[in-house]
Amino acid sequence: MDFLNAIILLLNYIFVPALTYGSQLALGAIFVTLIYGILRFANFATGDMMAFGTMVTILITWYFQSLGISLGVLPTALIAIPFAIIFMIGYMLFIDKFVFKYYRVNKSPPVQLAMVSIGVMFVTQAVVRIIIGPSDRRFFDGEKFIIKASEFKEMTGLNEGLAIKSSQVLTIFVTLILVSILFWFLNKTKTGKSMRAYSDNEDLALLSGIDPKRVVMITWIIAGILATIGGALYGLDKSFKPFTYFNNMLPIFAAAIVGGIGNPFGAFLGGYVIAFSEIFVTYAYKKFFMYVLPASMEPETLVQLLSTDYKFAVSFSILVIVLLYRPNGIFKGKVL
Amino acid sequence: MRKNLNVIAAYGIMLVLIILVGIFQSWNVALSIFNMCLISAVMTMGANVQWGYAGLINFGLMGYAALGGLAAVLISVDPVQEAWAVGGFNIIMCLGLIVIMIFAIRFVLKIFEKSKIRTYGIVAIIITGIIILRITSEQSIEAIEAVNPATTGFLGGLGLPIIFSWIVGAFFAAGLAFIVGKVALGLRADYLAIATLLISEIVIAIIKHEDWLTRGVKNVIGLKRPVPYEVELQTKEWFVNLVTEFNSGKLELISNITDKQAALNQLIIEGSSVFVKLCYSGLFLIVVIALLIVTQKALYSPWGRMMRAIRDNEEAANAMGKNVVKQHLLIFILGSAIVGIAGAMLVTQDGLFTPGSYRPMRYTFLIWVMVIVGGSGNNFGAILGGFAVWFLWIEAAPIALFLINLFTIGLHETNALKVHLIESVPYFRYLMMGMGLLLIMRYRPKGILPEKIEIK
């Protein structure tokens with residue numbers, strides 16, 4: 001019984017949150033990796049683009065709520081997301097046309113494009129803060145829990161409860177579906193294949209008649225979809241605050257590099273690697289050992305490897321180690 | 001003279017702008033902008049040495065600035081005897097332990113061949129080291145943090161004049177840069193950018209949460225000053241005389257004695273804060289000018305030419321027998337040390353150390369905007385960038401307010417859109433920075449004052 005309690009404890013405090021957080025990071029990381037693989041620069045505006053998509057989602061959600069439209073148990077934001085995606089794609093293509101295209105055509109070095117993306121970051125951040133303000137906003141409605149901790153305790157008779165929020169299940173579900181569609185698209189369709197070819201060897205791809213404009217446009221469209229859904233899911237699960245989104249850029253970068261930048265599947269797994277290691281290292285295992293070990297051996301301290309303050313530092317340290325030992329990422333395989 | 005005309009014109013415009021602020025807003029505001037401009041200029045010089053001279057991209061400026069600030073605390077604050085008594089020995093032991101750990105790793109690296117087992121061994125050393133550190137330090141850290149937590153709760157510093165911290169801050173930053181450089185400099189440009197950004201976040205996390213060293217988010221306030229305090233100045237006779245003489249024309253117009261005294265008091269209070277700011281300006285100017293002379297000399301020395309050669313073509317420079325790796329490390333350390341000085345100067349001027357305020361937006365990306373806008377590779381350009389961008393950063397809100405009022409002049413005061421826009425005035429500075437950066441990168445990619453290569 002104690003053993004079961006210990007497992008439920010880990011599930012509740014490590015596994016479910018890490019899986020959710022990992023999914024959110026994974027979407028962002030695939031976004032970074034796609035831009036890096038095809039447009040060949042590190043996009044420092046990632047976090048703020050996600051914030052922009054989320055902001056549009058929130059505004060549309062508010063509009064729907066004011067009209068009285070809702071999905072019942074599911075959050076209203078789900079109907080708002082498709083509209084937000086359309087808007088976001090427009091924004092991405094607008095930025096590309098007026099900002100990034102010039103440097104791409106001129107074959108500027110990647111560093112210059114990264115600098116330009118910092119300019120985009122500043123502007124996007126300003127637009128988000130001017131439109132919706134810097135404060136914390138929750139826009140989750142509908143049923144909050146699938147299983148409440150107390151219900152679970154009653155159901156199973158265990159001491160430990162397992163609480164599963166509907167936003168968590170939603171996040172994991174949507175991520176898996178989206179990522180499967182994306183991989184199917186990249187691996188099976190002609191357009192996807194042309195994107196991979198372009199990423200592999202630009203000159204060769206051009207020679208074989210692939211239209212670079214189309215590839216770039218589709219990349220931005222996919223990026224818009226990923227940014228909006230990733231941002232909205234994070235906002236549904238936690239809350240929307242522009243500054244947090246900017247900060248999330250850092251673990252997202254870490255995930256993309258850990259997975260091998262330019263490699264979407266690596267980025268997908270990288271998100272989970274970062275999320276799990278952050279939570280594993282900063283979780284206090286005292287209660288877990290209390291269940292597993294006999295009473296005489298109970299630990300006195302919290303049995304916490306690092307305090308939760310260092311959550312971000314953990315993922316960054318992993319990144320530094322990966323950069324040192326395997327600069328191409330921990331997952332070998334074909335790039336994009 | 002002719003060829004330097006644009007430099008002189010640009011600096012002239014900047015000076016006029018600051019003087020205009022002095023006339024229209026107040027001299028206090030103008031001087032505080034000027035001081036911050038000087039500090040920004042030091043930071044941009046640091047970034048410029050790395051990016052403009054050597055083409056190294058360092059997005060970790062925030063970390064070095066914070067270390068400089070930490071130096072200001074550790075140098076100037078008086079040591080907390082009680083805290084040293086309860087936990088000092090233990091902390092020193094822990095530092096020893098870290099040193100032993102480093103040597104153990106070096107030993108393993110030296111003795112054993114490169115293999116999987118060696119890697120695992122190093123990981124094992126690090127993990128056991130961290131566990132031992134946590135166990136040995138936990139109690140003493142708690143004890144230190146329990147010593148009068150409202151005012152101290154940390155070990156304190158050395159109690160020396162704060163001006164020394166400018167040098168120590170440079171050494172702290174240089175030390176960190178040495179480690180980061182050893183680790184990350186081999187990476188490609190954009191990887192290096194990300195790696196340095198993340199490492200600086202780690203540094204900030206440590207400074208924020210190691211309360212026994214830095215007081216963390218509780219902040220250290222009331223640091224010593226290298227310049228007189230306003231309150232003391234106001235009682236000094238020579239200062240009162242100075243103010244009276246300075247404003248004699250204004251004071252003569254007032255005939256009533258009590259009114260005259262009140263006006264004089266007001267002037268003394270204002271004058272004292274202006275005087276203090278002027279003292280800071282003097283100190284900062286000395287640093288800026290000294291650094292400018294040194295960096296300018298370096299730029300045109302054989303060493304500077306070598307750095308440019310490395311920047312423009314690494315392989316060719318390497319083929320000519322220049323040690324690219326070593327020079328990269330050297331310039332990374334030098335640039336970071338300059339940023340460390342700026343960090344210490346900033347904390348000295350503010351008189352307080354607030355780890356929570358170190359955010360990449362303000363301390364990394366804004367400085368980069370300054371370098372790019374000013375002109376990378378050109379020290380005068382970098383300094384001008386520091387001045388212009390900081391000026392805009394501060395004055396963006398009033399400018400935005402003015403523009404909003406201008407464009408919404410037809411709308412009523414309570415119009416929802418107008419109210420909303422006026423509420424979000426502080427965020428227009430990000431918009432201006434972003435637009436400025438994008439426009440400069442597009443239409444003047446070398447910055448306002450581009451790099452000029454002249455062989456003398």
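## Domains of chain B

Chain B splits into domain 1 (2-79 + 156-443) and domain 2 (80-155); the bounds come from an automatic or database domain assignment. This is a predicted model: local features need pLDDT of at least 70, side-chain atom pairs count only at pLDDT 80 or more, and totals for chains, interfaces and linings use all residues. Residues are numbered from 1 along each chain as its sequence is written, while chains are lettered from A and ligands numbered from 1 in the order in which they are written.

The centres of domain 1 and domain 2 of chain B, taken over C-alpha atoms, are 34 Å apart. Their contact takes 7 residues from domain 1 of chain B and 11 residues from domain 2 of chain B. Two residues are in contact if their C-beta atoms, placed from the backbone, lie within 7 Å. On the side of domain 1 of chain B that touches domain 2 of chain B, 3 residues are nonpolar, 2 polar and 2 charged. Here Ala, Val, Leu, Ile, Met, Phe, Trp, Tyr, Cys and Pro count as nonpolar, Asp, Glu, Lys and Arg as charged, and the others, Gly among them, as polar.

## Chain A overall

Chain A has 13 helices and 2 strands. These are DSSP runs, numbered from the N terminus: helices are H or I with at least four residues, strands E with at least two. The C-alpha atoms of chain A fill a box of roughly 70 × 55 × 35 Å along the principal axes. For 336 residues, a compact globule would have a radius of gyration near 20 Å, and the 21 Å of chain A agrees. That radius is taken over C-alpha atoms, and the globule rule is 2.2 Å times the number of residues to the power 0.38.

Of the 336 residues in chain A, 46% are buried. Buried means 20 or more other C-beta atoms within 10 Å of a residue's own, exposed means 12 or fewer, and partly exposed lies in between; C-beta atoms are placed from the backbone. Among contacts in chain A between residues at least 6 apart in sequence, 75% join residues at least 24 apart.

## The A-B interface

Chain A brings 35 residues into contact with 32 residues of chain B. Helices H3 (77-105), H4 (110-132), H10 (242-258) and H13 (311-325) of chain A each supply at least two residues to the side of chain A that touches chain B. H4(A) gives the most, with 14 residues. By class, this side of chain A has 28 nonpolar, 5 polar and 2 charged residues.

## Nonpolar cores

The largest nonpolar core has 216 residues, and Ala254(A) and Val42(B) have the most contacts inside it. Such a core is a set of buried Ala, Val, Leu, Ile, Met, Phe, Trp, Tyr and Cys residues joined through C-beta atoms within 7 Å. Helix H2 (residues 27-54) of chain B gives the most to this core, with 17 residues. Beyond residues up to four places away in sequence, Ala254(A) touches partners including Ile274(A), Phe316(A) and Leu198(B). A second, separate core of 7 residues includes Val80(B), Ala83(B), Val147(B) and Leu155(B).

## Two positive phi angles

Lys107(A) is not a glycine, yet has a positive phi of about 55°. Lys107(A) lies in the loop between H3 and H4 of chain A. Lys107(A) counts as exposed, with 6 C-beta neighbours inside 10 Å.

Arg215(B), also not a glycine, has a positive phi of about 65°. Arg215(B) sits in the loop between helix H8 (211-214) and helix H9 (230-235) of chain B. Arg215(B) is buried, with 25 other C-beta atoms within 10 Å.
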